[in-house]
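Me: I am new to reading protein models. Please show me where to be careful, then take a close look at one part and walk me through it step by step.

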Amino acid sequence: MNEVRAMRVLLVDDNEMGSELLAEFLALSNLETRCAATGGEALELVDTFAPDAVLLDILLPDMDGYELAKRLRERPNPPRIYALSGLARHERQDAINNIFTGWIEKPADPDALLAILHEAN
Amino acid sequence: MNAPTTSYPPFTLANCDSEPIHIPGAIQPLGALLAFDSDGTLRYASENAARILDTCLTLDQPCPHETLPPGLAHCLSSWVGNPDPIFDPLTITQDRATYDVIGHRNSDGLTIVELERRGDGVGIAAPERIYRSIERVRRQRDIPGLLDSMVREVQRATGFDRVMAYRFHPDDSGEIVAEQRRDDLDDWVGRRYPAGDIPAQARRLYTVNTLRLIADATYQPVRVLSAPSPDPRPLDMSFSVLRSVSPIHLEYMANMGVRASMSLSLVIGGRLWGMIACHHHSPRAVPYPARLACEAMAQVVSATVSGIEANERAEQTRKSAALVSYLAERVSSTENVHQALSRGDQTPASLVPNDAALCLWGNSVTVFGGIAPRGELAGILCALDQSGQRLVHTTNIARDYPELQTDLVPYAGLLACKFDPMNNGWLIWLRKEQIETLVWGGRPEKQYAVGSLGPRLTPRGSFEAWREVVRGVSTSWLPSELEAADGLRDELSHISTSRAADVDRARTALLAMLGHDLRDPLQSISMAATLLSRTDTGARMGERIRYSSGRMQRLISQVLDLSRLQGGLGLGIEKRPCDLSALVNGLIEEKRQAYPGLRIEPDLPAGLTLMADTDRIAQVVTNLMSNARQHGAPRQPILVKAEVSDDLITLSVTNYGEPIPDDVLAHLFSPFKPESVGQSRNRSGLGLGLYIAEQVVRDHGGDIAVECRDGLIIFTVTLPRGMPDTKHA
């Protein structure tokens, strides 16, 4: 890991305004962000952007978040993958254990979210 | 010493239904009667028997055969003690008169032998001709034709002055439905008689003994004598051909000036279905063989009626079943049960004949046919509900539901069922009292004689009595009608039960989804608020907070609308004059500001006005434009067009795009769409927009429809202008 490089976070959510706000917030904490509105866009971006973490919504227009998470995991040096979803986490415990690094429920407290992203570093 | 078999107190109109007419202890003086027990002992004999047989008879003794006419002696020995109770008739000649000898076994095991003196038979057809007439009658294919043909043939065969066909209604009251008569006699078709005109015991007798002749109503009865044994049981003469009849009946005949009568019963399934009654104004004897032929005709007619009725019932059942499944299908395929039942080509009103029918569901009521009952429906339903019956029915509301009598004016009969307890769904069929439509028909009544029992014993008296009996009473609800209503109730209640379960499941899913989708805008609000507190771009952030709050506001109000509609409360439309052109132009301007690249092409005449709830109409137009923006092909314009013709305004919102798939189209206006749960979300709301839009339009008395053609998706809203002055535009 390159210590001087800012942490890179890929935000995947078709609620683009939500993504944009979150990106702006993370940028204030010196994180580098990119936004993707679909699973397809996310898979295109992931090679060039090489994120450390991905925050993804479960309900996406072209594929669901589980599918996207699996495909991201299959890559070399997979990023940490967090679900950021309105779905309650207790319904998805098995999915968290197997696919996601963590499950963050919307609405998440912005600082707590930041803490989660930094925690693993 | 001989004694009359019995003696009775006089019977009057008040107690005639207890007169034991099957044991009159007397015969008509047309011949003689003998009754033997199984060992040949003579137990009963009519007073005139010894004279007619020209011999000496001793009761409680066997008859020495040599004292009887040879033919009679011969068959007597084969009849008495024979286990087969059906005896071949024969004729004998006594004192230059011909007698038909008719034997039968009565309920006490006595062999009854009757000798009936044969009249001259002038004007009476030969039996073989009557049997041929049966062929003519049985060719008829419907009941009125059958009865018409029968009275014609019976009149031809017997020469009676008047031959009538009665039909007995489900309440056993009688109606003359066909008649053949001498030209100078009144027309009696349509006359009604109360059930009591044939007392119960007489009805039973007519059912088992299907032919009765009174050759001369002024006869002097001949007593039937029995031996003075310790316990003389009266002789059961139910099947006797000479049985003397009730003096009350004879007085009725005398009052009408009728001297002779013959009746043939039409019995179906053990019930007296109808009767052929023959009247003559002078004495008339119909020989036994001719009577047998008429009786055969009656049996053929009964069997034919039974077949026709079975076919009619089957046809009726088929029609009812088709209507029930048509209605069930309509109800299954829509959310609004009331509209499904009341707005189709066919409605529950056609299931059962009625003067008015009501369909209630939620807060909606439709009255089919007649006028609504006078009282408050809520109170009526409450009372009906308390009866606890699946199917509430009465032909006499005043008697059975006196508390509802004034509420249900002008109706007398009611058939009701509750098919949807959750939404207060009821179907009610109503009938007026039957005399409202019936008057004493025919020419002014001829003056009939009135006997000692008074004017009740005349046709006019019977009609008045019938009127009295049916006052406040509707026609009967037939078993087939009750069955049809119950069938519909059963289908509809199944649907509403399973719908209730569906709604429950969908509501749970909806609330779960709502809980989920609300988190998204909340996330944005929370994030924007955080940013706002740390940056100086406050204005932009404020805009975003407002946008997200607005979205939450819309989601919440949609859910509130939904719960109002599902709870049957309605949207609370308040109509006021509304300038539709200004409204739509304003909404288009708002959309353009919110989406600067969006092309909207309006085609609106200025000054379109209507009576409407402006906020609700704005909701509909906004929803249609949002759908067009989200689902329309990119960079293609949205067309918004309005026009007025007569009293209708047509507003359409069109976008370019692929046709809507059929499975989506099927649920487009439903609140709960299978595809909206657990799949790609709808960013703009909960998919309730079109459902609510449709309700708004319907509540304005209008209609909303969608059409896909030529690469266009066109939503069209039709609204009645409802302006007092349509020239205003």
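**Confidence first, then the sheet of chain A**

Reply: Start with a caution about this predicted model. Over residues 1–8 of chain B, pLDDT stays under 50. pLDDT is the predictor's confidence in each residue, from 0 to 100. The model has 20 contacts beyond four places in sequence for that stretch, a contact being heavy atoms within 4.5 Å. For the complex, the predictor gives an ipTM of 0.84 and a pTM of 0.63.

Two ground rules. Residues are numbered from 1 along each chain as its sequence is written, while chains are lettered from A and ligands numbered from 1 in the order in which they are written. Local features need pLDDT of at least 70, side-chain atom pairs count only at pLDDT 80 or more, totals for chains, interfaces and linings use all residues, and side-chain values use heavy atoms, without hydrogens and water.

Now the sheet. Five strands of chain A form an open sheet in the order 2-1-3-4-5, with parallel pairing. Strands (E, at least two residues) and helices (H or I, at least four) are DSSP runs, numbered from the N terminus. Two strands pair if DSSP finds at least two bridges between them. Strand 2 (32–36) and strand 5 (102–105) of chain A are the edges: each pairs on one side only. From one strand to the next, the twist averages 20°. Angles run from 0 to 180 degrees between N-to-C directions, with axes fitted to C-alpha atoms, for helices over the stretch in contact.

Look at one pair. Strand 1 (residues 8–12) and strand 3 (residues 53–56) of chain A share four bridges in the parallel sense. Leu10(A) has Val54(A) in strand 3 of chain A as its bridge partner.

Helices join in. Helix 2 (residues 39–49) of chain A packs on the sheet and touches strand 1 and strand 2 of chain A. Its direction makes about 155° with that of strand 2 of chain A. Helix 3 (residues 65–73) of chain A also packs on the sheet, touching strand 1, strand 3, strand 4 (80–85) and strand 5 of chain A.
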